[in-house]
Amino acid sequence: MPATLYRATVERIDSLSYNVRGFHLKLAEPPKIEFKAGQFIILNAPHQGKTVKRAYSIASPPHEPYSLDLCIQHVESGIASTYFWKLKEGDAVSISGPHGNFLLKEPLDYEPVFIATGTGVAPLRAMIKHLLHINFTKQMWLLFGTRYEHALLYESEFRSLVGHRRNFHYIPTVSRPKEWHGEVGHVQQLFQKHVTDYANKEIYLCGWLEVVKAVCADLESFGVPREKLHYEEWA
Ligand SMILES: Cc1cc2nc3c(=O)[nH]c(=O)nc-3n(C[C@H](O)[C@H](O)[C@H](O)COP(=O)(O)OP(=O)(O)OC[C@H]3O[C@@H](n4cnc5c(N)ncnc54)[C@H](O)[C@@H]3O)c2cc1C
């Protein structure tokens, strides 16, 4: 699937947390994109007479090829994220894609464990929705960590999936709880508590470089073989 330049329209903007918004883009020209769960697009943001390019993971699954969900954190003084924050429904954006090799390992004869912090959940959401769509029957886990409970993204959606699909396990954790009755701590601790047998598992992580590095180092120190770790780091 070669990368193509697309014009898209912002169809809907959702507030996902105090500093993260979901952007639902409807593709205009060409009207359809073929991609694999885990891939990303590159946004072409106009900035001071130039074009600034930034990567954003596709948070929606490949079986929804006429639109794309993006999940974007606002970064103080960040060029592209501030551009996104100024967009309104109906505005046009320029993107290219698909890009990237952060994909589900084939064949799907294992139990995937997805580990996310913050917006790193975006490509993992695409993978989970894809697996559910193809009626993947093996067990799968999403361990999702944020600082505060109000920063958990797609919380009601993941909880609702648990109610509908017996093989999907969603375990959120927060490190600085306020009125939270769930797991407390970091995703590494959650992993150690809930995932004990690595034999038939593959582990997928995504997020900011330092976080992914730290989580991978901890998982290796728990005895998880390096070849079972699949990750994408955002520098
Ligand atoms: C493959 C890939 C996929 C990505 N997917 C997503 C995604 O789905 N959602 C998403 O929100 N981002 C994602 N990113 C990050 C994104 O590409 C941008 O780096 C991010 O939005 C900041 O861009 P900006 O232009 O707003 O900030 P810039 O103008 O590039 O940065 C401004 C300043 O903020 C610092 N900074 C940048 N990001 C952060 C941060 N998170 N926290 C603190 N300081 C920061 C920079 O170091 C710089 O000093 C992805 C990156 C990669 C490589």
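Colleague: How is the chain divided?

Modeller: This is a predicted model, and its chain is divided into domain 1, residues 4-99, and domain 2, residues 111-234. The centres of domain 1 and domain 2, taken over C-alpha atoms, are separated by 23 Å. The contact takes 16 residues from domain 1 and 14 residues from domain 2.

Colleague: And which elements give two or more residues to the side of domain 1 that touches domain 2?

Modeller: Those elements are strand 1 (4-17) and strand 5, and strand 5 gives the most, with three residues. By residue class, that side of domain 1 divides into 10 nonpolar and six polar residues, with no charged ones.

Colleague: Switching to the ligand, how many residues surround it, and which are the closest?

Modeller: The ligand is surrounded by 20 residues, of which the closest are A55, G78, A80, S81 and W234. The shell draws at least three residues from each of domain 1 and domain 2.

Colleague: Where does the largest share of that shell come from?

Modeller: Strand 4 supplies the largest share, four residues. At least two residues of the shell come from each of strand 4 (50-57), strand 5 (67-73), helix 1 (79-86) and strand 12. The shell residues divide into 11 nonpolar, seven polar and two charged.

Colleague: Now helix 5. What does it reach from its first C-alpha to its last?

Modeller: Helix 5 covers residues 209-221, and with 13 residues it reaches 18 Å from its first C-alpha to its last, close to the 18 Å expected at 1.5 Å a residue. Helix 5 is followed by G223, whose phi is positive, near 105 degrees.

Colleague: Which of its residues are buried?

Modeller: In helix 5 the buried residues are V211, V212, V215 and L219. They cover an arc of only 95 degrees around the axis, which puts them on the same side of helix 5. On the other side of helix 5, L209, E210, A217 and S221 are exposed.

Colleague: What do the buried ones pack against?

Modeller: The buried residues of helix 5 pack against strand 7 (111-117), helix 4 (187-194), strand 11 (201-208) and strand 12 (229-234).

Colleague: Since helix 4 is in that list, which of its own residues are buried?

Modeller: V187, Q188, L190 and F191 are buried in helix 4. The arc they cover around the axis is only 160 degrees, so they lie on the same side of helix 4. What covers these buried residues includes strand 7, strand 8 (140-146), strand 9 (168-174), strand 10 (183-184) and helix 5.

Colleague: Let me ask about loops. Is F102 buried or exposed?

Modeller: F102, which lies in the loop between strand 6 (92-99) and strand 7, is buried, because 21 other C-beta atoms lie within 10 Å and 20 or more count as buried.

Colleague: What does F102 touch?

Modeller: Leaving out residues up to four places away in sequence, F102 touches G38, P123, C206 and E232. The C-alpha atoms of F102 and I58 are separated by 11 Å, and these two residues are 44 residues apart along the chain.

Technical notes. Residues are numbered from 1 along each chain as its sequence is written. This is a predicted model: local features need pLDDT of at least 70, side-chain atom pairs count only at pLDDT 80 or more; totals for chains, interfaces and linings use all residues. The expected span of a helix is 1.5 Å times one less than its number of residues. A residue is buried if 20 or more other C-beta atoms lie within 10 Å of its own, exposed if 12 or fewer, and partly exposed in between; C-beta atoms are placed from the backbone. The arc is that of the directions from the helix axis to the C-beta atoms. Two residues are in contact if their C-beta atoms, placed from the backbone, lie within 7 Å. A residue is near a molecule or strand if its C-beta atom, placed from the backbone, lies within 6 Å of it. Ala, Val, Leu, Ile, Met, Phe, Trp, Tyr, Cys and Pro count as nonpolar, Asp, Glu, Lys and Arg as charged, and the others, Gly among them, as polar. Domain bounds come from an automatic or database domain assignment.
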